[in-house]
Amino acid sequence: MGDTALGRVVAGAEPDPVDRLILDEAAALGGPSSPLAVVGDATGALAVAAAERFDLDVVRTFHDSVTDERASDEAVRASFRSLQAVRFGLEPALFEGVRLVLLRLPKSLAELDEIVRLVAAHAHPDVRIVAGGRIKHMSRGMNETLERSFSEVSASLGRQKSRVLHASAPRAELLGAESGYPIVQNSDELGFAIASHGGAFAGPRLDLGTRELLAVLQYLPADALPEDGLAVDLGCGTGVLAVAVARLRPQLEVIASDRSWAAAASARETIRLAGVGDRVEVRREDSGSSIETGTVDVVLLNPPFHDRHEVVEDMAHPLFEQAARMLKPDGSMLTVFNSGLAHRAALERIVGQSRQIARGAKFTVVISHKRV
């Protein structure tokens, strides 16, 4: 299929130069002769175009983000064929029997490592990976990561500032092996272990922003961190804040919420290992969307400010809005953020009265009280 067929993908989900190069390179290999797996397709354009290109009715997909899942579902529903996108977690079943994997290269080398280890262990021995990205976001480390799981790795010629990496011949020692994820690392500082899948922010380590927020928790009065009620770790990552609050306030119920599959899966394991699974619930959702309005006593937030490779200063604002929605009238919010960002003013505007309670070399902690 040429550009005309590619152009049939619905508006808003057009294949970009990376998708087109991945598809062309995959077609040069002869296309899939068994179930196709598409990984990291943020819009659904790659999955739909691949189904068109290779005349497929079923495509297996994995999306780390629930927002990417929604975009992909919309693209599939609007496609010009009867296409079933079967959704998986990052698990062996995604790749079992698969001969071709189309992959948008992730930012994290650890995430790439987890993906390709699963492919090497569970896909067909003849599997080929066609992994594409923008050249400016690619590194030699990606080749090296692929080479740890596959004996044959090569790069395509660049086209429209994009390039594809090919991998084949899974290493024999990885066939049927465990992926090694989540990685678990004990923290003497925290007094519990952190579990991390490859795509989770900061990995199995305590990030600097979370450390700043943890430093003030134990000194907070009951009007800022109540003894009981409901707390939400919004954008929970590996679940460190959720566990810390549950241990500090044993009567609190805690919800750990994140849109990322890697984060939610990591948080579940961190929480299980810490022994607080009876009081901490993990939800994979966008911005705490399932949490009822006006039901939360305290929100803890260490918001992101990178969208893949780009810095987005107002990226946290939807999280602020959701926090304001879910908080009780007398509820409070504890936010830690890079001191160079104008988040305090945004919190004042969106949530309510806000004041700085700690400031380190790089991070600021602010407490906000819900505007009545």
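The structure is a predicted model, and confidence runs at an average pLDDT of 92 across the protein. Some 94% of the residues score at least 70. The stretch to treat separately is residues 1–12, where pLDDT stays under 50. For these residues the model has 22 contacts beyond four places in sequence.

Next comes the second largest pocket, with a volume of about 280 Å³. Its lining is made up of 13 residues, and those closest to the centre are E189, L190, L214, Q218 and A244. Two helices turn up in this lining with at least two residues each: α8, spanning 208–217, and α9, spanning 240–248. Sorted by class, the lining of the second largest pocket comes out as 9 nonpolar residues, 3 charged ones and 1 polar one.

As for aromatic rings, the structure holds 1 aromatic pair. The partners are F62 and W261, arranged edge-to-face, with 5.6 Å from centre to centre and 90° between the planes. This pair ties together distant parts of the chain, the two residues being 199 residues apart. F62 belongs to strand β2, which covers residues 58–62, while W261 belongs to helix α10, which covers residues 261–274.

How values were computed. Residues are numbered from 1 along each chain as its sequence is written. This is a predicted model: local features need pLDDT of at least 70, side-chain atom pairs count only at pLDDT 80 or more; totals for chains, interfaces and linings use all residues. Side-chain values use heavy atoms; hydrogens and water are left out. pLDDT is the predictor's confidence in each residue, from 0 to 100. Contact means heavy atoms within 4.5 Å. On a 1 Å grid over the protein atoms alone, a cavity is a set of points where a 1.4 Å probe fits but cannot get out, and a pocket is an open set with protein on both sides within 12 Å along at least five of seven lines; lining residues have an atom within 4 Å of a point. Grid points are joined across faces, edges and corners, and a volume is the space filled by probe spheres set on the points. Helices (H or I, at least four residues) and strands (E, at least two) are DSSP runs, numbered from the N terminus. Ala, Val, Leu, Ile, Met, Phe, Trp, Tyr, Cys and Pro count as nonpolar, Asp, Glu, Lys and Arg as charged, and the others, Gly among them, as polar. Rings of Phe, Tyr and Trp (its six-membered ring) pair if their centres lie within 6.5 Å; planes under 30 degrees apart count as stacked, over 60 as edge-to-face and the rest as tilted.
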